[in-house]
Amino acid sequence: MSTEIDATAPKYLRGKYAIVGIGETSYMRGSGTTTRNLGTTAVRNAIEDAGLTSADIDGMLSYSGNDSVPSTSIAGDLGIRLNFYMDCQGGGSSTEALIGIAIGVIEAGLCKTVAIFRSMNGYSQFRIGGTGRSTGRSALSGDALFGRAYGQGSAAQNFAHTFMRHMYDYGTTPEQVAHVKVIHSEHASNNPKAYYKNRVTVDDVLASRMICKPLHLLDCCVETDNGCCVIVTSMDRARDCRHTPAKILGVVGRCSKPRVDNHYQAGPISTVAGVYARDILWPNAGVGPEDIQVTGSYDAFTFTTMLQLEDYGFCKKGEGGDYVSSGIMRLGNARPNNTSGGHLCEGYTHGIAMVIENVRQLRHDIDDSCPVGADGRRMHTYDYAEGGCRQVKDVELSANLGWATPATGSALVMARGA
Amino acid sequence: MALEGEYLGMPVVIDDLDKPNQEFYSHCGQGALHLQFCASCSLMRYPTTTACPWCASAEYQWQPVSGKGTVYSYAEVHHAIQPVFRQFLPYMILLVELDEQPGVPGEHDGLRVTGNLTLADGTMAPKDVVSAVGIGSRVRVVLKDLGGGLALPQWTLDEDAEQPETPWRYAND
């Protein structure tokens with residue numbers, strides 16, 4: 001499907017901004033603390049990572065589904081005086097979109113350096129799959145009449161029509177898609193932070209209990225408690241920061257299919273928003289999918305990774321099943337995906353941790369179990385056996401593909417900064 | 001005045017500010033599925049909206065439809081989130097493409113209506129019926145009474161239709 005989108009972003013913004021700081025908490029089930037504390041910890045860690053202080057941060061952005069803490073609380077706790085802040089509604093695909101907004105507000109002169117965070121007790125307080133708050137016996141009205149009245153409310157239940165129809169349209173098999181979990185589990189086994197570090201097989205995925213056909217339990221991501229933060233500033237300022245900057249080449253934010261809220265009415269439903277987003281992303285970034293060396297394709301489910309890689313053009317339409325089962329996404333091969341283990345294994349952060357992982361990749365400073373040298377940096381072995389390395393060798397270009405629904409996505413291309 | 005009913009123990013409350021939904025579910029309560037029909041571009045739409053997604057006109061009438069269609073895609077739920085649905089596992093959430101307006105306005109567009117697979121009386125379909133339905137199955141609408149003059153559209157196998165020999169089902173069934 002071709003679109004008539006004109007990617008009009010001034011090309012002088014390409015490479016003008018960077019991610020200079022990244023911060024996380026542990027990925028946990030049962031944090032034992034507030035989202036305020038998780039958020040504060042993540043933002044403080046990111047400031048420290050960047051080699052900055054609270055006085056250097058003057059912008060904040062966050063996203064949530066009313067399950068987080070506002071920017072003002074964290075700014076207050078860390079002594080940050082803000083020239084700009086905004087807290088948005090949203091889950092997956094928010095990170096890349098907010099990075100685009102950060103670039104815009106810095107470019108517009110509203111502030112200089114923006115901390116973007118997501119804090120959530122996604123297991124212990126507010127479970128995305130919905131084990132309580134919004135799914136009980138509250139009245140059916142408005143949109144719920146067309147969803148919850150039919151026992152349709154969770155992400156799995158909402159997206160399954162797309163996944164099933166992709167199998168119907170293209171012959172995609174459960175075995176092919178299970179490889180996404182298998183590969184991400186291998187990557188997670190080399191990630192000391194990952195919540196699930198055990199490697200699984202295709203048979204393990206297919207033998208796990210059915211949740212919502214076509215999704216088995218192991219086709220679905222983990223739910224965890226965590227806070228994450230990335231700091232965006234200009235390349236000019238980035239050069240004074242502690243690490244090699246992850247230079248931002250292009251962003252597309254919250255790009256959508258027609259009839260975004262009722263997208264099953266329009267177009268082929270086995271196609272996702274990436275088919276529109278790619279016509280903004282690649283021209284703005286000045287590179288194409290063939291140039292990308294590591295991807296972070298959002299894995300709320302095994303299927304979401306496949307669908308996005310396909311519609312952003314990493315393979316031909318309909319060949320996503322072949323792509324994800326070919327091994328190309330495995331560490332050591334041509335284009336690894338979600339080297340942290342992603343949402344299927346590391347933890348659930350609504351996408352921001354996948355950006356953090358690719359920033360680390362571009363720094364050539366992945367936090368695996370490789371030995372630390374005299375300079376304090378890991379000496380990567382590039383041996384990807386269980387418990388080993390997960391640094392992609394000499395990686396220069398990454399892409400993150402963020403997913404909200406089949407109808408909405410965001411993306412980000414970054415390069416190793418000079 | 002709000003319209004009120006009940007479904008599976010869940011209260012149904014359609015506020016009087018929400019005219020399109022009051023009208024949609026009242027039509028169902030009167031025994032026939034109706035869709036909004038744009039007074040400007042003459043296209044029908046689903047679900048209810050406040051303007052036409054194809055031409056942005058706010059003016060509409062209600063048009064009765066046959067209530068017959070083909071399963072376009074489905075989800076088969078084996079782990080219920082809402083406690084009330086546990087008793088029905090596995091249950092199907094169907095996406096039914098109506099016979100009306102296929103491939104309009106775009107080649108791949110259609111009127112795709114949500115609902116569960118039920119028996120002819122509107123009760124949720126048991127497992128053996130669920131496992132016989134897939135993409136391509138022919139279904140007809142069932143209007144499940146909610147009380148208060150309202151009804152919920154659901155779908156049952158169309159006994160009078162020619163069914164595909166083997167509807168498309170998930171590969172590992």
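**Entry 1: the nonpolar core**

I looked up the largest nonpolar core of this predicted model and found that it has 169 residues. A nonpolar core is here a set of buried Ala, Val, Leu, Ile, Met, Phe, Trp, Tyr and Cys residues joined through C-beta atoms within 7 Å. A residue is buried if 20 or more other C-beta atoms lie within 10 Å of its own, exposed if 12 or fewer, and partly exposed in between, with C-beta atoms placed from the backbone. The residues with the most contacts inside the core are Ile19(A), Ile116(A), Val230(A) and Ile231(A). Helix α4(A) gives the largest share of this core, 8 residues. I then listed what Ile231(A) touches, leaving out residues up to four places away in sequence; among them are Ile19(A), Val20(A), Ala46(A), Ile47(A) and Val114(A). Contact requires that the C-beta atoms of two residues, placed from the backbone, lie within 7 Å.

**Entry 2: conventions**

I note that residues are numbered from 1 along each chain as its sequence is written, and that chains are lettered from A and ligands numbered from 1 in the order in which they are written. As the model is predicted, local features need pLDDT of at least 70 and side-chain atom pairs count only at pLDDT 80 or more, while totals for chains, interfaces and linings use all residues. Helices (H or I, at least four residues) and strands (E, at least two) are DSSP runs, numbered from the N terminus.

**Entry 3: the sheet of chain A**

I traced an open sheet of 9 strands in chain A, with the order β3-β2-β4-β7-β1-β8-β11-β10-β9 and mixed pairing. Strands pair if DSSP finds at least two bridges between them. β3 (84-89) and β9 (294-297) of chain A have a single partner strand each, so one side of each is left without a neighbour in the sheet. From one strand to the next, the twist averages 25 degrees. β2(A), residues 59-64, runs parallel to β3(A) over 6 bridges, and Leu61(A) has Met86(A) as its bridge partner in β3(A).

I also checked two helices against this sheet. Helix α1(A), residues 35-50, touches β1 (17-24), β4 (114-121) and β7 (225-234) of chain A, and its direction makes about 130 degrees with that of β1(A). Helix α2(A), residues 71-78, lies across β2, β3 and β4 of chain A, at about 140 degrees to β3(A). Such angles run from 0 to 180 degrees between N-to-C directions, the axes being lines fitted to C-alpha atoms, for helices over the stretch in contact.

**Entry 4: where the chains meet**

I found 40 residues of chain A in contact with 40 residues of chain B. On the side of chain A, the largest share, 7 residues, comes from α4(A). That side divides into 20 nonpolar, 15 polar and 5 charged residues; Ala, Val, Leu, Ile, Met, Phe, Trp, Tyr, Cys and Pro count as nonpolar, Asp, Glu, Lys and Arg as charged, and the others, Gly among them, as polar. Strand β5(A) is joined to β6(B), residues 68-77, by 2 bridges in an antiparallel arrangement; Lys213(A) has Glu76(B) as its bridge partner. For the complex, the predictor gives an ipTM of 0.98 and a pTM of 0.96.

**Entry 5: a loop residue**

I turned to Tyr382(A), which lies in the loop between α12 (352-363) and β10 (397-405) of chain A. Tyr382(A) counts as partly exposed because it has 14 C-beta neighbours inside 10 Å. Beyond its neighbours within four places in sequence, Tyr382(A) is in contact with Cys389(A), Gln391(A) and Lys393(A).
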